[in-house]
Amino acid sequence: MATLRELRGRIKSVNSTKKITKAQELIATSKITKAQARVDASQPYADEVTRVIQRLASASSLDHPMLDVEAEAKRAAILVITSDRGMCGGYNHNVLKKTAELRKRLEGEGKDVVLYIAGSKGVTFYSFRGEDVAGSWTGFSQDPVYSATHDLRRHLIDGFIAGDEGNVQWREGLNVPEGEELPGFGELHVVYTKFESMLTQTPRAIRMLPIATQMDDEPLRTGEDMLSDSGDPVSAEVDFEPDPDSLLKALLPQYVSRSIFALMLEAAASESAARRTAMSAATDNATALVNDLSRVANQLRQAKITQEISEIVGGVNALADSGESD
């Protein structure tokens, strides 16, 4: 059995850990509120861009690769959105597990898979296993900023436009080493974590390009389905300046870029919620452990006091029996 000094040392150590987990819980709670506010603030712009794209698509005859539903891709890219820090429970594990399922499915369809990673935890996971990663970005998982994620979004859009047979060329502002080329792809999938509630975050995999579809239990949606979901009737009298084809060609990359950023905001809220839940559980466990250790320490201290009293009483009785107490 541990000594009283050892138990007191363990209690002190657990209490120190408890302070850290409690602080992390409070920080994560404050970040959830900010992340949700950012998601809500971006929604009006997203809705308006969606309505404009819907109107343009109905009036356009543009044959754009982002709307080419029938295209057969030979190479598929997966953007995996993980966290930069740990202490968030099974958040990263669930995302990586979903990625493995998606990758297996795509390879089963005969497609080459190219990985793009956002977040230090995902980078570490794949580098430890010797996996080839076409691109990685870190430093903004918990607080995505539009300017900081520009390279990621531009890189993925350029890779899709380059197509299966093309390559992403180096140019100013793009994360491609000068003089090198990276392979293009015909599909873009994103694996992220959807924020359901403070206690529930669900890993999701969607196909962003050439169409955005839900892999899970929702029915497959084509690009035409997505562009006809608006409840607003499209007026045939709407005039566009310049022409709808030119506008659609310019807005589609912006629409996809905004959609990717929206998923990153959603993932940031999910990460903070997962960290809050994990740190709350850790704090509760630390409290329970301190209580258990304190109980054992008190029992040990009481036993020691009882033993000392017994020894004193025994000594007194021994003296009395020997007649030396006088």
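What share of the 326 residues in the protein chain is buried? Buried residues make up 40% of the chain, where buried denotes under 20% relative accessible area, exposed over 50%, and partly exposed the range in between (1.4 Å probe, protein chains only). The model is predicted, so that local features need pLDDT of at least 70 and side-chain atom pairs count only at pLDDT 80 or more, while totals for chains, interfaces and linings use all residues. Residues are numbered from 1 along each chain as its sequence is written, and side-chain values use heavy atoms, with hydrogens and water left out.

The secondary structure consists of six helices and eight strands, taken as DSSP runs (helices H or I, at least four residues; strands E, at least two) and numbered from the N terminus. Their order from the N terminus is α-β-α-β-α-β-α-β-β-β-β-β-α-α. Of the contacts (heavy atoms within 4.5 Å) in the protein chain with a separation of 6 or more, 70% join residues 24 or more positions apart.

Strand β1 is mostly covered, with seven of its seven residues buried. Arg75, Ala77, Leu79 and Ile81 point one way from the strand, and Ala76, Ile78 and Val80 point the other way. Pairing requires at least two DSSP bridges between two strands. β1 pairs with β2 in the parallel sense over seven bridges, and Leu79 stands opposite Tyr116 of β2. β1 also pairs with β6 in the parallel sense, over five bridges; Val191 in β6 is the bridge partner of Val80.

β1, α2 and β2 form a right-handed β-α-β unit, meaning that, with the strands pointing away from the viewer, the path from the first strand over the helix to the second runs clockwise. Helix α2 comprises 18 residues (residues 91-108), which at 1.5 Å a residue should span 26 Å, and its end C-alpha atoms are 26 Å apart, in agreement. The expected span is 1.5 Å times one less than the number of residues.

The buried residues of α2 are Tyr91, Asn92, Val95, Leu96, Lys98, Thr99, Leu102, Arg103 and Leu106. They lie on the same side of α2 because they cover an arc of only 160° around the axis, the arc being that of the directions from the helix axis to the C-beta atoms. These buried residues pack against β1 (75-81), β2 (112-118), α3 (120-128), β6 (187-195), β7 (201-209) and α6 (244-322). On the other side of α2, His93, Lys104 and Gly108 are exposed.
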